[in-house]
Amino acid sequence: GVDDDGLRALMRYADQLALAFQIMDDVRDVEGGPSLGKEAGGDIDRRVPTWPVIEWLAMRPDAHEMWLSEQTSSAELQADLVSSGATGAARAAAVSAAETACREMDVFPPSPAREHLQGLTVRVVSR
């Protein structure tokens, strides 16, 4: 029972929610730990270029060489990703995507369903 504008808003919401979720999953892979629900470093061990890695490559001049070097351990990469601010920049991108998703719901009148969807975006970036 949603009109075309509502359907487009829901699609944009879903795209932005998925983006926020994936970026936060990437951040959790770098930061890890039991409180985040994910062990750290799996993507780094496999040299998967996740969002924080892309941020890091863009902000650190010698990151590309470090990333490709077999001499650089995963632990060193993980520490550098965090200390460089790359995970913070990735987290900010996730928050921005979540905020965009929330705004997409503004086309709908207030309702428990709308509040639930907006709350979901907050949980994606805050857990």
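These legends walk through a predicted model, starting with the whole chain and moving on to a few close-ups. Residues are numbered from 1 along each chain as its sequence is written, and side-chain values use heavy atoms, with hydrogens and water left out. Local features need pLDDT of at least 70 and side-chain atom pairs pLDDT 80 or more, while totals for chains, interfaces and linings use all residues.

Figure 1. Helices (H or I, at least four residues) and strands (E, at least two) are DSSP runs, numbered from the N terminus. The C-alpha trace spans about 60 × 30 × 20 Å along its principal axes. Of the 127 residues, 35% are buried; that label means under 20% relative accessible area, with exposed being over 50% and partly exposed in between (1.4 Å probe, protein chains only). Take the contacts (heavy atoms within 4.5 Å) with a separation of 6 or more: 63% of them link residues 24 or more positions apart.

**Figure 2. Val-2, Leu-7 and Met-11 make a nonpolar patch on the surface.** Met-11 sits in helix H1 (residues 4–31) and counts as exposed because its relative accessibility is 52%.

**Figure 3. Asp-5 and Arg-8 pair up within helix H1.** They form a salt bridge, with the closest N and O atoms 2.8 Å apart. The term means a side-chain nitrogen of Lys or Arg within 4 Å of a carboxyl oxygen of Asp or Glu, and the count comes to six. The two residues are three apart, about one turn of the helix. Asp-5 is partly exposed at 48% relative accessibility, and Arg-8 is partly exposed too, at 44%.

**Figure 4. Asp-43 and Arg-46 meet in a salt bridge.** Here the N to O distance is 2.6 Å. Asp-43 is buried, at 11% relative accessibility, whereas Arg-46 is exposed, at 57%.

**Figure 5. Arg-60 and Asp-62 are joined by a salt bridge of 2.1 Å, N to O.** Salt bridges with shared partners bring in Asp-80 as well, making one network of Arg-60, Asp-62 and Asp-80. Asp-62 is partly exposed, with a relative accessible area of 35%, and Arg-60 is partly exposed at 23%.

Note on methods. Patch = residues over 30% accessible without salt bridge, like charges linked within 9 Å, V, L, I, M, F, W, Y side chains within 5 Å. Areas by Shrake-Rupley, 256 points an atom, 1.4 Å probe, with all protein chains shown as cover.
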